[in-house]
Amino acid sequence: MQRTAWKYYPRQQDHNTEQNRGKSPACVQLQLMMSSSFNIFRVGISVVIMCIFYKSAVDSLSELSPQKYFSTLQPGKASLAYFCQADSPRTSIFLEELNEAITPLQDYGISVAKVNCVKEETSRYCGKEEDLMKAYLFRGNILLREFPTDVLFDVNAIVAHVLFALLFNEVKYITTLEDLQNIENALKGKANIAFSYVRAIGTPEHRAVMEAAFVYGTTYQFVLTTETALLESIGNEDIENAHLYFFHCKQVLDLTLQCRRTLMEQPLTTLNIHQFIKTMEAPLLTEVTEDPQQVSTVHLQLGLPLVFIVSQQATYEADRRTAEWVAWRLLGKAGVLLLLRDSLEVDIPQHSNVIFRRAEEGVPVEFLVLDDIDSLISHVESNVHIEEIQEDEDEDTKRPNMGQAVSMAFLQSYIDLAIKLKGTSTMLLTRVNCADWSDLCTKQNVTEFPVVKMYKEGKNPVSYVGMLGTEDLLKFIQLSRISCPVNITSVQEAEEYLSGELYKDLISYSSVSVLGLFSPNMTTAKEDFTEAGNYLKGYAITGIYSEEDVLILSDKYAATLPALLLSRHKEGKIESIPLANSHAQDIIQIITSALLETFPEITVENLPIYLRLQKPLLILFSDGSINPQYKKAILMLVKEKHLDSLTPCWLNLKNTPVGRGILQSYFDTMPPLPLLVVVNLHSGGQVFAFPSDQAITEQNLLLWLKKLEAGLENHITILPAQEWKPPLPAYDFLSMMDAAASQHPTRKDPECTKEMDVQENDKKQHEDKSAIIKEPIETLRIKHWNRSNWFKEGEKSFRHDNKEL
């Protein structure tokens, strides 16, 4: 049986600046951390990971002979040594990263050395060739751990693995919920827990956790996992990001109660974790009687705001309970204090019940009148979020080595893909290091990274041009198992195809099956449909039926030949579309449109697809799943054709946190959810908000939309016209999105079979991926928008391809 191979090339970075000198994209051996010797996962597709590294001078690493090195070891002191042949060209890449790790490891009292072996050396560390690809960690002269160099793929991995080994007794690695519960029960009434989830060992987040454990490991019990199922079992479904929880177990005296948990909402960096733990150590609630402008707490020192709950003697007990509840809600985000109005000499407005003080010096306090706790929480979180965004933007300008982060991010997606495909016997997932195989990478026309290629013996390689996420890769691979279009040979087989039974294992990847119906003599129409099917290979399920008895199907489904049958499996519906005088590009457009959802959940990945429709967006923002009544109202308006000039959609802030920043750009403060807005990106940039005091019903929505059409509603903001540029030239992800959904050069392949295998790709289409991703990115063009004619304007803009985001 023939095998298919995939190759992954991390995207190249800029190495011409002083900041980037000596850095390199991450390239790690594909493995599950259970066996560091795996080079290949036998899982249905052979994927080869190829990485380009750049050599630089390594001049600060101590170089010793074996005898000299062992004579320098001191009792109790940790040391990391790499044993290698002095003239080995393959070691220079690892030595660059080891050299970068010298300073951070020395901060923890760990020395680093390069040990040069000579040919006559016969010690266990220099004797075998395979041992020369390992680094060894000693405490004194006792060997603690040996690391294959592929595991220590960059400075973050080196520091993380070394600290992980040294802190073996202080950081517990767990894999099940039962493990976590046992640790929690054992520490109730005794100590608190810092529980963290990282996507893989050796990542920057793992390093940050280990550095925090080095400082705080004797005070708190650190617990670590990489199991997504464990994270989901405690109620967090965001497995794409690392997380840290603080378990407040020390104050739990009733062993039947669960420890209260606080989630750290900032990214897992060493500084953020330090700040988070410091806020956990601070008093939950502090009573003060002095001027709020003069109060100083650890929260201010850490850059967090203060919230003063204004109280008086008559309502003290109730106010204190309220303040404690607020303090738990804002733990890690702000300091909460109870301010006694009766004992304060400074005047406070009579009706103010909350005082908000920002962390910046010189900013006056805000006197607020808030009716409930949720309003208070919303006010604080929205203002804290603004500060985080500004801080992140500042950090982005300082980030010296973005290419390492891009490679690591995709590498984890690639590893997850291998896990999902494990056990598929016809495919292999592999990797190639371009530092060792530069001639091979050159022959494969690998010019930028990351790149994934599919190989089939005797066929031209196919470059994957979609989004670099696990699910996108998996969908493409699974849908590529069948020919497109599949040649259906009987009416019975056609019915099985339309019902989803023929390829029921693929329905989860594409809920729409497309069947083309043609008379045997419709040669040109069949060629056009076949061309369209080839173009959609890996993205849709298409089939073709052109037998003599095709009229049986056309009569049953009221389809005039030539025609398309669209089977929507989720809805259990089959609709027919005539194809008279339709060319390949027309068919592609029809099928692509049919794949779109009527009321989709907008995500970062699918947003470009819906923006390409060039219609104003009707977005329902929700902090979780949407109310079924809201969905019913919007779908009813869709069915009645009232929303034809809009793209109705919804955005879940829990699944897509960037939505919070979007709302923040529309409103001065974070508005209450759910919230319905119309955003006209393509002509004017105006944003309109559905009145918050009205229920989201079919009738109210229709009246509001009519007011918009008549120009009777005022916009809340106008989005600026600007070009969205990639942070670096090689990281044009918007172009990658466009390339994934744009029209590729078409091809003809009349010989379509039903074998569950990867079909060959035309050489003209996939000679060079760069021919696709180098297309210029379209900018956001703003034109005058007449509000009284905005529905017609939306329809008009849909017909112009160059008005595209």
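Me: What counts as a disulfide here?
Reply: A disulfide is a pair of cysteine sulfur atoms within 2.5 Å. The model is a predicted one.

Me: How many disulfides does that rule give?
Reply: The count comes to one.

Me: Which cysteines does the disulfide join?
Reply: Cys249 and Cys259, with an S to S distance of 2.1 Å.

Me: Where do Cys249 and Cys259 lie, and how far apart in sequence are the parts they tie together?
Reply: Cys249 and Cys259 each lie in the loop between β11 and β12 (260–264), so the pair ties together parts that are ten residues apart in sequence.

Me: Right-handed or left-handed?
Reply: Right-handed, because the torsion about the S-S bond of Cys249 and Cys259 is about 120°.

Me: Are those two buried or exposed?
Reply: Both Cys249 and Cys259 are buried.

Me: And Cys484 and Cys649, buried or exposed?
Reply: Cys484 is buried, at a relative accessible area of 0%. Cys649 also has 0% relative accessibility, so it counts as buried; the cut-off for that is under 20%.

Me: Switching to His243. Which strand is it in?
Reply: His243 is found in β11, a strand covering residues 243–248. His243 has a relative accessible area of 8%, so it is buried.

Me: Which backbone oxygens lie by polar atoms of the His243 side chain?
Reply: The backbone oxygen of Asp238 is 2.7 Å from a polar atom of that side chain. For the backbone oxygen of Asn241, the distance to a polar atom of the His243 side chain is 3.2 Å.

Me: What else does His243 touch, leaving out residues up to four places away in sequence?
Reply: With those left out, its contacts are Phe195, Ser196, Tyr197, Leu231, Asn236, Asp238, Leu263 and Leu268.

Me: Next, Leu304. Where does it lie?
Reply: Leu304 is in the loop between α9 (298–301) and β14 (306–311). Its relative accessible area is 5%, so Leu304 is buried.

Me: What does Leu304 touch, with the sequence neighbours up to four places away not counted?
Reply: On that basis, Leu304 touches Gln275, Thr279, His299, Gly332, Lys333, Ala334 and Ala359. The C-alpha atoms of Leu304 and Gly332 are separated by 8.5 Å, and the two residues are 28 residues apart along the chain.

Me: Last one: why is helix α14 described as largely enclosed by the rest of the structure?
Reply: Because seven of the ten residues of α14 (residues 470–479) are buried.

Me: Which residues of α14 are buried?
Reply: Thr470, Leu473, Leu474, Phe476, Ile477, Gln478 and Leu479.

Key: Residues numbered from 1 in each chain as written. Predicted model: local features only at pLDDT ≥ 70, side-chain atom pairs only at ≥ 80, totals over all residues. Heavy atoms only, no water. Helix = DSSP H or I, 4+ residues; strand = E, 2+ residues; numbered from the N terminus. Buried < 20%, exposed > 50% of the residue type's maximum accessible area, 1.4 Å probe, protein only. Polar contact = N/O pair within 3.5 Å; in protein donor to acceptor, adjacent residues only side chain to side chain. Contact = heavy atoms within 4.5 Å.
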